[in-house]
Amino acid sequence: MSEFSRRNFLKAVTLAGTAAAAGCSSESARKLIPYIIPPEDIVPGEAAWYATTCRECPAGCGILAKNREGRVVKVEGNPLHPVNRGKLCPRGQASVQGLYDPDRIRGPMKKNQKGRFEPIAWDQAEREVAARLGEGVEKGDGKGIFFLTDLNSGSLQSFLLRWLDNLGSRNFLSYEPFSHEPLRKANQLVFGLEGIPSYRLDRADLLISFGADFLETWLSNVEYARQFADFHAPGNRPFIYVGPRVSLTSSHADRFISVSPGNEYPVALGILRILLDDDLLPALSPGRKADLQELTQAWPIPVILAKTGVEEKTLRAVARLFSRAKRPLALAGSGGLNPTETAVAANLFCSLIPGSAETIDLENRSSLSDAVSAGQMKELAEKMKNGEVQALFIHRANPLFSLPHSWEWEGGLKKVPLVVSFSSILDETGEFAHFLLPTHTPLESWEAFTPRKDVWSLLQPVMGALFNTRLLGDLLISIGKMIKGPEKFPWENYFHYLREFWEEKRKKEVPEQDSEGFWQESVRSGGFWKISSPKASPLPWRLGGFSFPKPGKTEVPGPRFLAYPTIQFFDGREANRPWLQELPDPITQVTWGSWVELNPETARNLGIRRGDLLRLKSTVGTLEAPAYPYSGIRPDTLAMPIGQGHAGYGRFARGRGENPYRILSAELDHFSGGLFMSLPGIIVERTNQSLILANTDGSLYQHGRGFAQAIAQQDYEKRKKAGEKPHIKVPLPSGYDRREDFYPSHQHKDYRWAMVVDLDRCIGCGACAVACAAENNVPVVGREQVLKGREMSWLRVERYFEPEGPVGSVAPEKLRVRFLPMLCQHCDNAPCEPVCPVFAPHHSKEGLNNQVYNRCIGTRFCSQNCPYKARRFNFFTYPRPEPLNWQLNPDVTVRHKGVMEKCSFCVQRIKEAKLKAKYEDRKVRDGEVTPACVQTCPTNALVFGNLLDPQSLVSRLIHDPRAYQVLEHLNTKPAVIYLKKIERVWEEI
């Protein structure tokens, strides 16, 4: 028998067909071939990274997709991209689950005579759609063709406009549920700007938000989170929030001013009146001052105080702070009952002091400026009902879910002769389509997207098409050629159109660069951008024809209702991501559902307890949701998150919670044409049912145990100036004392890995938790198991309320919130290690508390002995329906039931960095190892490094006077060191 050599063995076992999924490979590699003849861009065991753009919201963050053996396993932020600079929010981290959604439509479908969808071949579907369109086009009825998409501002928008024009139509609607119409209108009224500028929070020295939740969903939350962290770094720059509830954003305010929805702008007018009456702005020209006095003359201070309930001393304190600021910035949200008036008032603040021009870039408009208004969507609904729409094409938009139900979109869709949905998932709107022609997801597509004027981002396929889907542009080119011939649609495919589009961009912006070089560099970088600074010239000011409504309007009896978007689900498009469903809401810590927030005082008066099912009624609809009594909301206000309540949209979204759009008003803001996200006079009724909320917090409060600690800014500055050092039991031999320690110290070789968490920079968004789940194959357990306390998250962001007064009866403005990322502390004196009978917890030479899965027998002694409760036990083998399992990281073991698991500091990334350093004959440098949580954090709140390197950032940060260890008195010597949150106190406010 001939010898079966190692080489022959490897040849026999390395047959693999992953090239079929490799989107960037050559055609010759798209076959089942052995890896001894590998695809040119696939190296077994090594990741290929592709730059593309996140399309989970209109912000357009740059991302890098990690491709292993032809499949995407992780996305990270693109550090070159100016919008997010390498960071991502929870939605961006979960984008891969949109690609691998098990409920994706696998191929084209057509609705039969019984109203059911059945498969159809692509060629046949294209012919039928082309034939039905062609009939109208030949008759000159192309004006009845409408194309509805999400925000598209680059190559696809250009292509769709040209496609429609060739068919005789100009009816292109780029629609976003949150297109900020009041802000756009206010910018036009005050600054003469048709749209939304770019903001620079980090350049402001005073920040006032009138309901703008910029840390969650407002415009570009990752970008503004980074800027806010820099703005709020230790220093004298106050942040004031005016609104009805303590949200994720307002929880970080130095002063929260509580007002009911719609009363934000009277607060702004009150501050403005004081600035004018007390002559706190001496540089203001007499003419300008007279104009502002005329605008506010109908709002005397006593009337404002009576309407808002805000104390006069608070208004005067804010006015004094504003008058002393050199670069104040005021922002406005769109959630109140008077959103345009609020936005106008905020813009007036920005125009008062010349330095504010450094914080607003009017030249660099957001592409949301070009989105259609809700009013235009209402007009489309009316046109459908009147028979004016002959064909409606819908791409990545779901108006049936995200518009008021009273507009009767369902009835309008039934009257359209041809409805074609290009959605990847059968959503509420797609249910009424005649054809379902699923297109590639953004991670499978070529496209150019422009989130703002100076940023041109590229999307490229980071892997091949997963199912029998098509690129939208390719599909439309084929249909267009059938109707009008190839002379009107001369491109072979959409990629050729994109290259033509990008070439025009090159000729305009960098004509000196060669075409191919510009394209290749753009693909590698993720796009092309020009970094510019806002002009320092004073902001323009004008207000012709605008006046604030006069007070005295009769209040509608009953509480006010507010619908607000969340950082997990945005407008509802991410509700089919199980990672986001299981991510606890930052404030309520509730998962897998929705709820109604009401003040505990209101709940007591109505006899409502937590979990009681409430029936909310408005003039247009009714919904039912469980109650969540919450001290952070006003007694006269109810609030409910947007994003849940899908009737379709796949197994993870269907039937979870309620959709607040069902009860929102059908009326529009007469100034801007935008939706009212709140309404007065809501009727609240108790039902005889209850629904347990699947929340993950054990308690609302710390009960004095000092988990999430804080320090007054003045105290911190005093200690830092005096050179005081914190009391840290360093997880090194130097941190051991014979009088206190029973066990000898560990001797670490070359590295002792540790993490520093800055609680003053942590905003509690949860991006770190989703990144950890994606990187480390952490399973999703579902609502039923969360109710039993069996969630598997290796990293959780704990939320603690710190009321300034009696627990349970504190006013919203007296409720402080602290966030604490909690993970395995990798203790040097770990309580979990000595109690395991099989030594599954293991202390490595580099200080990691390893968990040896194949040793673990599931006694759970380690979990019982862990004071941080950072260890998770697999009670079941949690399913990952195909193809969700394709996302699993091959570098991390997939655990099955019966074992304990926990944070490993992403040991696979540590090994990768050490291997690279070994090849280069050196040690790992500081910053080369970046765990998933550290990498994605939008505010750089987490820092990882080697404690044995005295020059590393972690070694320097542990000497900060704010440094402390959670439960330090237990002498576990954690390697996760926290920096206390800074509480900024201005006596004026």
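1. Let's start with what it takes for two strands to pair: DSSP has to find at least two bridges between them. The strands themselves are DSSP runs of E with at least two residues, while helices are runs of H or I with at least four residues, and both are numbered from the N terminus. With that in hand, look at strand E40 (residues 963-964) and E41, which are joined by 2 bridges and run antiparallel. Here Ala 963 stands opposite Leu 979 in E41.

2. Before you go on, keep in mind that this is a predicted model, where local features need pLDDT of at least 70, side-chain atom pairs count only at pLDDT 80 or more, and totals for chains, interfaces and linings use all residues. Residues are numbered from 1 along each chain as its sequence is written, and side-chain values use heavy atoms, with hydrogens and water left out.

3. Stay with E41 for a moment. Strand E32 (residues 753-758) is joined to E41 by 4 bridges, and these two run parallel. Across that pairing, Val 757 stands opposite Tyr 978. Which way do the side chains of strand E41 (residues 976-979) point? Val 976 and Tyr 978 go one way, Ile 977 and Leu 979 go the other way, and all are buried. Buried here means under 20% relative accessible area, exposed means over 50%, and partly exposed is in between (1.4 Å probe, protein chains only).

4. Leaving aside neighbours within four places in sequence, Met 822 is in contact with Trp 794, Leu 795, Arg 796, Glu 798, Tyr 868, Val 966 and Tyr 978; contact means heavy atoms within 4.5 Å. Met 822 counts as buried because its relative accessibility is 3%. The C-alpha atoms of Met 822 and Tyr 661 are separated by 35 Å, and the two residues are 161 residues apart along the chain.

5. (Axes are lines fitted to C-alpha atoms, for helices over the stretch in contact, and angles run from 0 to 180 degrees between N-to-C directions.) E19 and strand E20 (residues 455-459) are joined by 4 bridges, and Ala 448 stands opposite Leu 458 in E20.

6. Is Glu 126 buried or exposed? Glu 126 counts as buried because its relative accessibility is 3%. You'll find Glu 126 in helix H4 (residues 122-138). Apart from neighbours within four places in sequence, Glu 126 is in contact with Arg 470, Leu 475, Ser 478, Ile 479 and Met 482.

7. Next, the largest pocket, which holds about 1300 Å³ of space. A pocket is an open set of points, on a 1 Å grid over the protein atoms alone, where a 1.4 Å probe fits, with protein on both sides within 12 Å along at least five of seven lines; lining residues have an atom within 4 Å of a point. Of the 40 residues in the lining, Gln 908, Arg 909, Ile 910, Lys 911 and Glu 912 lie nearest the centre. H26 gives the largest share of this lining, 11 residues.

8. The second largest pocket has about 1000 Å³ of space. Its lining has 48 residues, and Thr 696, Glu 791, Arg 796, Lys 869 and Arg 872 are the closest to its centre. E33 gives the most to this lining, with 5 residues.

9. Most residues other than glycine have a negative phi, and most peptide bonds are trans. Asn 777 has a positive phi, near 55°, and sits in the loop between H22 and helix H23 (783-787). Asn 777 is buried, with a relative accessible area of 2%. Asp 279 also has a positive phi near 55°, but Asp 279 counts as partly exposed, at 45% relative accessibility. Finally, the peptide bond between Glu 882 and Pro 883 is cis, with omega about 5°, and Pro 883 lies in the loop between E37 and strand E38 (900-901).

Technical notes. Points joined across faces, edges and corners; volume = space filled by probe spheres on them.
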